[in-house]
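Please read this briefing beside the sequence and the model. It takes individual loop and helix positions, then the core, then the chain as a whole.

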Amino acid sequence: MKIIDLDKEQIEQLEEALEAYDEKHITYSLDGRISIGIVIGGEVVAGLDACMTCFKILYVSTVFVDEAHRRKGYGKELLIELESRAKKLGANTIRLDTFGYQGKEFYIAMGYEQAGFYRNDEDDYEEYFFVKRI
């Protein structure tokens, strides 16, 4: 046995092999992306980005509301719109993650269920994983 650094072609081969394996278990796929924002005075002050993954799961990678515009309901409005659009794409689950200093309490208030958590004492942070069935 020898551990090596992979080149681009070898990485592509691994990805293709994983995709072929997954196809045995994933009998359908959905495509789509939701990238929405709130504009005030020509400036984007809040937004989110999400994409469809396997098993009708929409993964939210980014949610941000500018500090000057927080606590005005913009995040709530974005998530409500996200959930509406996710249903239209065919999603039945939304998943996301957040650090402890970000939006943990917000997601709980919006009906998201904590599905996981870990704490890194060395670097002093916590990460939470959430899902919501829609």
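Ser29 sits in the loop that links α1 (8–23) to β1; helices (H or I, at least four residues) and strands (E, at least two) are DSSP runs, numbered from the N terminus. Ser29 is exposed, at a relative accessible area of 60%, where exposed means over 50%, buried under 20% and partly exposed in between (1.4 Å probe, protein chains only). The model is predicted: local features need pLDDT of at least 70 and side-chain atom pairs count only at pLDDT 80 or more, while totals for chains, interfaces and linings use all residues. Residues are numbered from 1 along each chain as its sequence is written, and side-chain values use heavy atoms, with hydrogens and water left out.

**Pairs apart in sequence**

- Ser29 and Val65 are 36 residues apart along the chain, and their C-alpha atoms are separated by 31 Å.
- Glu77 belongs to helix α2 and is partly exposed, with a relative accessible area of 47%.
- Between Glu77 and Ile38, 39 residues apart along the chain, the C-alpha separation is 9.3 Å.
- Gly103 is placed in the loop between β4 and α3 (104–109), and its 15% relative accessibility makes it buried.
- From Gly103 to Gly75 the C-alpha distance is 9.8 Å, for a sequence separation of 28 residues.

- Phe55 is not a glycine, yet has a positive phi of about 55 degrees.
- The loop between β2 and β3 holds Phe55, which is partly exposed at 40% relative accessibility.
- Arg71, also a residue other than glycine, has a positive phi near 65 degrees.
- Arg71 lies in the loop between β3 and α2 and is exposed, at 88% relative accessibility.

**Nonpolar core**

- The largest nonpolar core has 23 residues, and those touching the most other members are Ile34, Leu48, Leu58, Leu79, Leu82, Ile94 and Tyr112.
- At least two residues of this core come from each of β1 (33–40), β2 (43–52), β3 (57–65), α2 (74–89), β4 (93–99) and β6 (125–133).
- Strand β2 gives the largest share of this core, five residues.
- Such a core is a set of buried Ala, Val, Leu, Ile, Met, Phe, Trp, Tyr and Cys residues joined through side-chain atoms within 4.5 Å.
- In soluble globular proteins, nonpolar side chains tend to be buried together.
- Leaving out residues up to four places away in sequence, Leu79 touches Leu48, Phe106, Tyr107, Met110 and Tyr112; a contact means heavy atoms within 4.5 Å.

**Fold and dimensions**

- Three helices and six strands make up the secondary structure of the chain, in the order α-β-β-β-α-β-α-β-β from the N terminus on.
- The radius of gyration of the chain is 18 Å, whereas a compact globule of 134 residues would have one near 14 Å; the radius is taken over C-alpha atoms, and the globule rule is 2.2 Å times the number of residues to the power 0.38.
- Along the principal axes, the C-alpha atoms fill a box of roughly 55 × 40 × 30 Å.
- Of contacts between residues at least 6 apart in sequence, 54% join residues at least 24 apart.

**Surface and charge**

- Of the 134 residues in the chain, 29% are buried.
- The accessible surface of the chain is about 9500 Å², and carbon and sulfur atoms account for 49% of this; areas come from the Shrake-Rupley method with a 1.4 Å probe, and for residues only the protein chains shown count as cover.
- There are 17 positive and 26 negative side chains, with the centres of the two sets 9 Å apart.
- Lys and Arg count as positive and Asp and Glu as negative, while His and the chain ends are not counted; the charge is placed at NZ of Lys, CZ of Arg, CG of Asp or CD of Glu.
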